[in-house]
Protein chains: 2
Amino acid sequence: MMQVPLTLPSFLFRAETLFPKKEIISRTKHGMFRYTYREYAKRTRQLSSILRKLGVKRGDHVGTLAWNDHRHLEAYFAIPCMGAVLHTINLRLSREHIRYIINHAGDKILIIDEDLIPIIESMQSELPTVDAYIILSDLDTIPATTLHPVYSYEALLKEGDPDFLYPDDLDENAPLGMCYTSATTGNPKGVIYSHRGIYLHSMCLGLVDSCGISETDSILPVVPMFHVNAWGMPFASVWFGARQVLPGPAPTPTILVELIAREHVTVAAGVPTVWLGVAQVLEQTNADISSLRAILCGGSAAPRALIETFEQKFGIPFIHAYGMTETTPVALVSRLKSYHQTLTDSQKLDIRSKQGLLVPGIEMKILGKSGAVKWDGQEMGELCFRGNWIADAYYQDDRSQDAFVDGWLHTGDIGTIDEEGYVKIMDRTKDLVKSGGEWISTVELENTLMAHPAVFEAAVIGIPHPKWQERPIACVVLKEGFKNKVEKLELLNVLQGKFAKWWIPDDVLFLEEIPKTSVGKFLKRALRDQLRQYYDNSAE
Amino acid sequence: MMQVPLTLPSFLFRAETLFPKKEIISRTKHGMFRYTYREYAKRTRQLSSILRKLGVKRGDHVGTLAWNDHRHLEAYFAIPCMGAVLHTINLRLSREHIRYIINHAGDKILIIDEDLIPIIESMQSELPTVDAYIILSDLDTIPATTLHPVYSYEALLKEGDPDFLYPDDLDENAPLGMCYTSATTGNPKGVIYSHRGIYLHSMCLGLVDSCGISETDSILPVVPMFHVNAWGMPFASVWFGARQVLPGPAPTPTILVELIAREHVTVAAGVPTVWLGVAQVLEQTNADISSLRAILCGGSAAPRALIETFEQKFGIPFIHAYGMTETTPVALVSRLKSYHQTLTDSQKLDIRSKQGLLVPGIEMKILGKSGAVKWDGQEMGELCFRGNWIADAYYQDDRSQDAFVDGWLHTGDIGTIDEEGYVKIMDRTKDLVKSGGEWISTVELENTLMAHPAVFEAAVIGIPHPKWQERPIACVVLKEGFKNKVEKLELLNVLQGKFAKWWIPDDVLFLEEIPKTSVGKFLKRALRDQLRQYYDNSAE
């Protein structure tokens with residue numbers, strides 16, 4: 001058989017030749033912008049030719065700091081198709097971390113949305129590798145800025161070559177892009193995506209048994225293009241000639257509902273908080289979102305009630321998925337098997353609320369305390385992945401050795417797998433409580449506590465214990481009206497009967513707030529530090 | 001990113017772990033046989049262990065001469081997963097050609113269906129590379145045979161190891177299987193399929209925009225497993241955990257209709273003659289085949305009327321596709337684009353009756369007389385393909401240099417491509433008439449002639465001409481009742497107005513029959529030889 005490299009230019013070529021009339025719709029500062037794949041491909045080639053003129057060579061890193069719009073989509077293909085590396089920068093990171101990753105990646109050029117200029121201006125003197133700044137704007141003129149040398153994207157493109165030719169000798173294992181993932185401690189860690197990895201991941205997204213992205217779809221990626229390539233949607237959409245609806249800067253739930261209804265979106269992808277917001281808007285309006293054939297939801301666990309709301313109240317299939325920056329990201333997708341069709345709605349929901357089945361194309365093992373866990377939905381272990389769209393290291397980072405062991409990615413996520421192969425995420429490795437040689441899932445306990453009407457937030461943490469190694473303690477924030485009105489025992493009673501006795505926390509501490517990370521996750525490390533000596537001082 | 005070889009054992013592993021309860025249904029001599037992927041995988045591993053004991057090593061060729069049933073499906077995975085090469089032998093070839101390809105492939109073991117033993121017995125003394133014969137039978141005992149050494153498949157399997165482990169270091173570019181394609185002249189030519197090629201082709205079969213094979217399907221491959229791996233259906237079906245319905249030895253249209261209705265088949269794949277037969281049965285019965293979500297049809301061009309019958313009369317989506325042994329085979333699939341939904345039924349049929357759009361994952365060019373043809377649906381050129389499931393040579397065959405040029409497969413098929421990218425096959429290169437520097441499609445002329453009520457068969461051929469290089473002559477066989485009752489002029493009038501003047505054949509010759517190849521195609525070469533001196537004797 002022939003051996004033809006699995007590289008990105010073939011995706012663009014397919015779109016521009018077979019689907020030149022298909023539309024890309026982009027919400028910009030100045031309103032809705034529409035054009036076709038024919039025009040998209042021309043502008044993408046123009047951008048590549050301009051980057052070439054600005055000195056970008058094969059393997060060079062080009063950073064983007066931008067929202068989900070058509071210009072960012074042009075950069076998505078212009079940079080990797082010429083053999084350079086697309087570095088999408090998470091604009092929600094702290095300035096310190098943004099500065100770190102630009103320098104760590106060694107970005108040669110930065111492509112920046114107009115409204116994000118101030119972030120970069122504040123650190124320009126500390127960005128020695130950056131040779132030029134390109135400003136994305138709807139206008140040819142750009143705002144006054146101290147950035148230098150600085151160019152207008154639209155002005156540059158006018159001089160670009162719409163027939164720029166892409167190299168046909170790219171190595172399929174060469175880097176295509178990169179994305180940094182925030183670490184619990186220290187600086188973000190960089191993940192490199194290869195052409196081969198993105199190619200196969202895109203193919204997986206087109207499988208009926210994964211996300212089924214196709215020419216007939218109108219795709220709305222709510223998940224940011226600066227976050228794991230918007231879960232790979234832009235790559236797959238271009239390849240299959242899907243219509244794309246890009247929601248632009250900081251879309252609100254109301255804007256999303258309007259876009260879905262007006263543009264007849266068939267697939268929308270985002271994290272649970274997005275869909276919580278959208279559900280609220282839908283309760284208050286009578287917007288018609290029946291064009292949706294699927295909501296894809298990942299990033300963190302979707303509450304069962306959310307899935308139920310969309311499936312049963314709004315009639316929209318809600319597909320729970322799992323992945324991470326290191327897995328490109330799609331690894332698990334919760335789809336029912338054909339013989340599940342006869343189950344009750346509640347039984348179906350039990351399955352749909354798990355993270356799901358391994359998608360075709362990668363391998364998984366779940367490592368418990370003594371090797372692979374039993375497929376019983378009970379035994380917990382760490383999810384490990386292997387495959388062509390799984391990272392094999394962090395970019396130039398000593399922390400690689402902790403996560404990449406024996407050819408497998410060790411995710412740090414703890415889960416179970418049932419007899420049908422459905423995985424349920426139970427905890428992060430570092431948050432799991434190890435008590436008397438057994439593991440206790442803090443996520444399960446927290447979810448049950450948070451279902452109590454008085455509880456606003458609950459975090460369960462493991463505290464060093466002289467006899468049991470660790471014991472769980474629940475830290476609870478009560479809702480405003482309930483402060484000082486709820487007893488510890490009442491909350492612990494909620495857990496009785498639902499969990500093994502030894503799972504029940506030894507104590508409930510009422511706090512004013514739970515410390516959080518920059519992206520809003522519980523910072524359990526801080527709580528553990530605070531309570532480290534709990535048992536030293538206790539009577540036990 | 002990790003680089004994990006794209007090899008077949010991962011398909012089997014996915015089926016046995018995620019879909020152990022899913023069924024394989026197999027029509028055998030002794031009735032319907034049913035088992036699950038759990039049992040299938042065990043028996044497949046047993047077969048591999050037995051082949052290992054019989055001396056099969058990595059890279060060895062193992063031949064199968066068998067119908068579409070569960071045992072053949074076991075061989076489909078047992079042989080390649082252990083690193084050996086699955087050589088599926090076309091049982092419809094002449095004995096001479098079967099002998100040739102077994103020797104040319106150097107098959108070490110032959111796995112033979114009970115009823116096909118006589119074919120091999122007749123040539124056993126001429127098969128020096130074959131070390132052993134394994135007979136597929138529903139029974140442990142096998143019929144008396146002169147083959148030696150000979151084993152019963154079922155008896156052997158009882159001694160096999162159901163936990164046999166497959167190597168995890170197979171090279172993705174190593175051969176997985178092979179299939180011989182009949183040549184117009186001389187011996188059949190062998191095509192080697194690599195693990196990488198089959199892996200990517202299988203992934204393509206699962207794409208919504210290709211065939212969309214998924215877990216929810218019940219797949220009926222009517223196309224023989226000895227012919228281009230039943231278009232790759234068995235590989236994709238195992239990977240995605242699709243239910244398989246295997247039609248067994250020599251299925252008739254009536255048997256197929258019964259299987260579709262009783263087993264609720266969702267996808268059936270076969271050549272046009274199969275569906276012509278099925279359509280006849282459906283006219284006469286009231287069988288319910290509404291479970292079908294798609295009929296896949298390829299191998300030769302499906303008549304427009306056939307597509308129309310299935311789509312409009314029976315309400316079954318009929319998907320026209322194109323491929324050949326050298327393309328694994330799926331290369332073109334005729335699916336409407338989303339914006340075609342507003343067309344009339346007749347306009348849709350115009351598109352659906354073309355061979356279709358290039359599937360994601362491979363490249364195509366159509367080479368006319370001066371480079372790539374225009375996308376106008378008019379200019380004709382030779383279809384050329386490039387990609388990971390396209391052969392790069394014939395196995396140890398000097399004829400490779402004719403078909404594989406500059407890294408592209410030159411198919412010998414002549415077609416047009418319209419502005420939307422839909423390809424229509426017009427002729428074989430060697431059958432095309434070259435008249436006055438222009439090309440004339442004989443297929444188009446023949447189809448129009450055969451639509452005349454008096455015409456049974458029509459073959460148009462190019463005859464050397466002193467002035468025009470070649471001119472078309474029509475050879476026509478009239479239906480019984482019409483012999484000697486139809487004038488040449490009446491038939492030529494059918495063509496007037498529908499084609500350019502210079503396309504109209506110079507003459508119509510009435511024959512008793514059109515000479516045919518072993519697989520029933522017109523043997524135009526014989527006609528051309530017969531008529532070579534037509535213009536030498538003519539007045540012109």
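Modeller: A salt bridge here is a side-chain nitrogen of Lys or Arg within 4 Å of a carboxyl oxygen of Asp or Glu. This is a predicted model, in which local features need pLDDT of at least 70 and side-chain atom pairs count only at pLDDT 80 or more, while totals for chains, interfaces and linings use all residues. Residues are numbered from 1 along each chain as its sequence is written, chains are lettered from A and ligands numbered from 1 in the order in which they are written, and side-chain values use heavy atoms, with hydrogens and water left out.

Colleague: How many salt bridges does the rule find across the interface of chain A and chain B?

Modeller: Side chains of opposite charge can pair when their charged atoms come close. One such pair is A:R196 with B:E172, whose closest N and O atoms are 2.8 Å apart. Across the interface of chain A and chain B, the number of salt bridges found is four.

Colleague: What area do chain A and chain B bury between them?

Modeller: Contact means heavy atoms within 4.5 Å, and 58 residues of chain A are in contact with 58 residues of chain B. Buried area is the accessible area (1.4 Å probe) that two parts lose on being put together, summed over both. Carbon and sulfur atoms hold 60% of it, and the area buried between the two chains is about 4800 Å².

Colleague: Which element gives the most to the side of chain A that touches chain B?

Modeller: A polar contact is a pair of N or O atoms within 3.5 Å; within protein, one must be able to donate a hydrogen and the other to accept it, and residues adjacent in sequence count only if both atoms are side-chain atoms. The interface holds 25 residue pairs in polar contact, both residues at pLDDT 80 or more. Elements supplying at least two residues each to the side of chain A that touches chain B include α1 (9-18), β9 (189-194) and α7 (195-205) of chain A, where helices (H or I, at least four residues) and strands (E, at least two) are DSSP runs numbered from the N terminus. With six residues, the element that gives the most is α7(A).

Colleague: Which strands stand at the edges of the nine-stranded open sheet of chain A?

Modeller: Two strands pair if DSSP finds at least two bridges between them. The order in chain A is β2-β1-β11-β10-β12-β13-β14-β15-β16, with mixed pairing. Each edge strand has a single partner, so one side of each is left without a neighbour in the sheet; the two are β2 (31-36) and β16 of chain A.

Colleague: In β12(A), what is the bridge partner of A:I219?

Modeller: Strand β10 (residues 218-221) and strand β12 (residues 267-270) of chain A pair in the parallel sense over three bridges. The partner of A:I219 in β12(A) is A:V267.

Colleague: What angle does the direction of helix α10 of chain B make with that of β10(B)?

Modeller: Chain B has an open sheet of nine strands, and helix α10 (residues 253-263) of chain B packs on it, touching β1 (23-28), β2, β10 and β11 of chain B. Axes are lines fitted to C-alpha atoms, for helices over the stretch in contact, and angles run from 0 to 180 degrees between N-to-C directions. The angle with β10(B) is about 170°.

Colleague: Which residue forms a salt bridge with A:E438?

Modeller: A:E438 lies in strand β24 (residues 438-440) of chain A, and its partner, 69 residues apart, is in the loop between β17 (362-368) and β18 (371-372) of chain A. The closest N and O atoms are 3.3 Å apart, and the partner is A:K369.

Colleague: Where is A:P329, which a cis peptide bond joins to A:T328?

Modeller: For the bond between A:T328 and A:P329, omega is about 0°. A:P329 is found in the loop between β14 (318-322) and β15 (332-333) of chain A.
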